[in-house]
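Colleague: I would like to learn how to read this model feature by feature. Can we go through it together?

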Amino acid sequence: MSKKADKILLAAVILLSLFGLLMIYSSSSVWAEYKFNDKFHYLKYQSIFFLIGLFLMYLISKIDYHLYYKKANQIIIGCLILLILVLIPGIGSIRNGSRSWFGIGSLGIQPSEAAKLGLIIFTSKYLANSNKFVKSYTKGVFPILGITLLFFFLIMLQPDLGTGVILVMAIISLLFIAGVNMKFFLSGGIIGLIGVIILIVIAPYRMDRITSFLDPWSDALGTGFQIIQSLYAIGPGGLLGLGFGNSIQKHFYLPEPQTDFIFSIIAEEFGVAGAFIVVGLFSLILWRSIKISLNAPNAFSKYLSFGIIFQLIFQTLMNLMVVIGLIPVTGVTLPFLSYGGSSLLISMISIGILLNISRGKR
């Protein structure tokens, strides 16, 4: 029996994205007018990506998800090539200290965003085909873990720790769902913690972020500046906020608030009520996506739908925890809300896949 696509999931995503456009304008208008003499600069570009993403989401929702099963190997190879190419000077461009972009005029495309989805597709196929081996480290876990660490290594060369952590966590979650022995997660967690400590120690700017997280006031005008200004935005918001467009922190206090710290401006202008609405929409997306995963007709679609939603929600939680000062600054965008074409396109394509799975034949 063929079902209709999940309209509640679709509505939640569109509402969140439209609100994102509204907040990108509000949060970026002052900076955009100063830098480009056009307060609509960021809104224009994000609106273009939103319309493209909307079309792609509709198109992908009509494409049978079994196609990704058939093309998983080609997809993962394509993502690997892109991650290598972006590291080559002259091909990849540097923005905010990371060689993570393919520059196309004033626009930029991040291959690491596509790599997150590509690796989930490949891992879902691998686990669907190798389910009897998942309790074996050598036959089940290590092959997919090796590919994941290769992707993580290439992303760290950019460097982009936040995206790398999201990618690894999404694959670890799929291994957990597949029934990998719990001892693996215990030993893997210890090794992973040691690895993260090493990555922090060898990169001074990451150690600065840890220091500023523990005591942002120790360098209030340096490494602690962003988190302090973020909290200054959230605090005065109160229950209902200062009103749309009335943010104080967007006036050159919070650096580029339309990206990683857009939630701070939302809380400042719409208060606790606005923050709860945003969290509520994300919770609705999580609920409907989990329902799709539980009702998925086969192993591949179950792994694929779960991997997609876990990656989106984990990225959301990371961003929100950074904004309110629970973890160090990671440079992770808030899905559907933050300014960034690559993130929005891949997020909407991912939702398109979920919508197709939701309408699959039972």
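Modeller: Start with a term. Contact means heavy atoms within 4.5 Å. Keep in mind that this is a predicted model.

Colleague: Which residues is Glu113 in contact with, leaving aside its neighbours within four places in sequence?

Modeller: Ser342, Ser343 and Ile346. Glu113 itself is found in helix α5, residues 111-129.

Colleague: Is Glu113 buried or exposed?

Modeller: The cut-off for buried is under 20% relative accessible area. Glu113 has 6%, so it is buried.

Colleague: How do I read a pair of packed helices?

Modeller: Two numbers describe them: the angle between their axes and the distance between the axes. Take α1 (residues 7-36) and α2 (residues 41-62). Their axes come within 6 Å and cross at roughly 160°. Over 145 degrees counts as roughly antiparallel. Therefore α1 and α2 are roughly antiparallel to each other. Their crossing is right-handed.

Colleague: At what angle do α2 and α13 pack?

Modeller: About 20°, with the axes of α2 and α13 (residues 341-358) 8 Å apart. That makes α2 roughly parallel to α13. The crossing of α2 and α13 is right-handed.

Colleague: Which residues of α2 and α13 meet?

Modeller: From α2, they include Phe49, Phe50, Leu54, Met57 and Ile60. From α13, they include Leu344, Leu345, Met348, Ile351 and Leu355.

Colleague: What about the nonpolar core?

Modeller: In soluble globular proteins, nonpolar side chains tend to be buried together. Here the largest nonpolar core has 82 residues. Phe336, Leu337 and Ile351 touch the most other members.

Colleague: What is Leu337 in contact with, leaving aside its neighbours within four places in sequence?

Modeller: The list is Leu16, Phe19, Gly20, Ile24, Ile262, Ile266, Val278 and Phe282.

Colleague: Now a single helix. How do I read burial along it?

Modeller: An α-helix has 3.6 residues a turn, so residues three or four places apart point the same way. Then look at α7. Its buried residues include Gly164, Leu167, Ile171, Leu174 and Ala178.

Colleague: How far does α7 reach?

Modeller: Helix α7 covers residues 161-178, 18 residues in total. From first C-alpha to last, α7 reaches 26 Å, close to the 26 Å expected at 1.5 Å a residue.

Colleague: What should I check at either side of α7?

Modeller: The backbone. Just after α7, Gly179 takes a positive phi of about 100°. The peptide bond from Gln158 to Pro159 is cis, with omega near -5°.

Colleague: Which residues have a positive phi without being a glycine?

Modeller: Two to look at are Phe252, at about 70°, and Glu256, at about 40°. Phe252 lies in the loop between α10 (225-234) and α11 (262-294). Glu256 lies in the loop between α10 and α11. Phe252 counts as partly exposed, at 47% relative accessibility. Glu256 counts as partly exposed at 31%.

Colleague: Last, sequence separation against space. How far apart are Leu22 and Asp38?

Modeller: They are 16 residues apart in sequence and 16 Å apart in space, C-alpha to C-alpha. Leu22 is found in helix α1. At 38% relative accessibility, Leu22 counts as partly exposed.

Methods
Residues are numbered from 1 along each chain as its sequence is written. This is a predicted model: local features need pLDDT of at least 70, side-chain atom pairs count only at pLDDT 80 or more; totals for chains, interfaces and linings use all residues. Side-chain values use heavy atoms; hydrogens and water are left out. Helices (H or I, at least four residues) and strands (E, at least two) are DSSP runs, numbered from the N terminus. The expected span of a helix is 1.5 Å times one less than its number of residues. Buried means under 20% relative accessible area, exposed over 50%, partly exposed in between (1.4 Å probe, protein chains only). A nonpolar core is a set of buried Ala, Val, Leu, Ile, Met, Phe, Trp, Tyr and Cys residues joined through side-chain atoms within 4.5 Å. Axes are lines fitted to C-alpha atoms, for helices over the stretch in contact, and angles run from 0 to 180 degrees between N-to-C directions. Angles under 35 degrees count as roughly parallel, over 145 as roughly antiparallel, 65 to 115 as roughly perpendicular and the rest as oblique. A crossing is left-handed if the near helix is turned anticlockwise from the far one by less than a right angle, and right-handed if clockwise.
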